[in-house]
Amino acid sequence: MKKFILTWYPVILAFICLLYSVGLGLYGMTEEANYSAHWPATILLFAIAIRQRRTS
């Protein structure tokens, strides 16, 4: 389980952020939803960049 979480934590975190953004949109907070809608892509892009920089 620990290996799974260490491998997939960016995807899990991005999915949680996506659900947060959708929830804000459903509650009528559209400006906040638009702002937080960029978080999942940013998290995934940083995860890709960090993994490419690793030497091990």
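A residue counts as exposed when its relative accessible area is over 50%, as buried when that area is under 20%, and as partly exposed in between. Tyrosine 35 has a relative accessible area of 59%, so tyrosine 35 is exposed. The model is a predicted one.

**Overall fold**

The protein chain has 3 helices and 0 strands. Its pattern along the sequence is α-α-α. The radius of gyration is 14 Å, well over the 10 Å that the globule rule gives for 56 residues, so the chain is more spread out than a compact globule. Along the principal axes, the C-alpha atoms fill a box of roughly 45 × 25 × 5 Å. Buried residues account for 18% of the 56 residues. The accessible surface is about 4900 Å², and 70% of that belongs to carbon and sulfur atoms.

**Aromatic cluster**

How many aromatic pairs does the structure hold? There are 2 aromatic pairs. One of them joins tyrosine 20 and tryptophan 39, with 5.9 Å from centre to centre and 5° between the planes. This pair is stacked. It links distant parts of the chain. Tyrosine 20 sits in helix H1, residues 2-26, and tryptophan 39 in helix H3, residues 39-53. The two residues are 19 residues apart.

Tryptophan 39 also pairs with tyrosine 35. Here the ring centres are 5.8 Å apart and the planes stand at 85°, so the pair is edge-to-face. The step rests on a cut-off: planes over 60 degrees apart count as edge-to-face, whereas planes under 30 degrees apart count as stacked. Together, ring pairs link Tyr20, Tyr35 and Trp39 into a cluster.

Tyrosine 35 belongs to helix H2, residues 30-36. Tyrosine 35 and alanine 14 are 21 residues apart in sequence, and their C-alpha atoms are 14 Å apart in space.

**Accessibility by residue**

The table sets out relative accessible areas for residues discussed in this report.

| Residue | Relative accessible area | Class |
|---|---|---|
| Tyrosine 20 | 44% | partly exposed |
| Tryptophan 39 | 33% | partly exposed |
| Tyrosine 35 | 59% | exposed |
| Isoleucine 12 | 35% | partly exposed |
| Serine 36 | 1% | buried |
| Serine 21 | 9% | buried |

Is serine 36 buried or exposed? Serine 36 is buried, because its relative accessible area of 1% falls under the 20% cut-off. Serine 36 lies in helix H2. Not counting residues up to four places away in sequence, serine 36 touches Tyr20, Ser21 and Leu24. Tyr20 is also a member of the aromatic cluster.

Serine 21 is in helix H1. At 9% relative accessibility, serine 21 is buried as well. Its contacts, leaving aside neighbours within four places in sequence, are Ala33, Ser36 and Ala37.

**Nonpolar surface patch**

Which residues form the nonpolar patch on the surface? They are Met1, Phe4, Ile5, Trp8, Tyr9, Val11, Ile12, Ile16 and Leu44. Together they have about 890 Å² of accessible area. H1 supplies the largest share, 7 residues.

Isoleucine 12 is one of the patch members, and its place is in helix H1. Isoleucine 12 is partly exposed at 35% relative accessibility.

Terms used: Residues are numbered from 1 along each chain as its sequence is written. This is a predicted model: local features need pLDDT of at least 70, side-chain atom pairs count only at pLDDT 80 or more; totals for chains, interfaces and linings use all residues. Side-chain values use heavy atoms; hydrogens and water are left out. Rings of Phe, Tyr and Trp (its six-membered ring) pair if their centres lie within 6.5 Å; planes under 30 degrees apart count as stacked, over 60 as edge-to-face and the rest as tilted. Helices (H or I, at least four residues) and strands (E, at least two) are DSSP runs, numbered from the N terminus. Buried means under 20% relative accessible area, exposed over 50%, partly exposed in between (1.4 Å probe, protein chains only). Patches are made of residues with over 30% relative accessible area and no salt bridge: like charges are joined within 9 Å, nonpolar side chains (Val, Leu, Ile, Met, Phe, Trp, Tyr) within 5 Å. Accessible areas come from the Shrake-Rupley method with a 1.4 Å probe; for residues, only the protein chains shown count as cover. A salt bridge is a side-chain nitrogen of Lys or Arg within 4 Å of a carboxyl oxygen of Asp or Glu. Contact means heavy atoms within 4.5 Å. The radius of gyration is taken over C-alpha atoms; the globule rule is 2.2 Å times the number of residues to the power 0.38.
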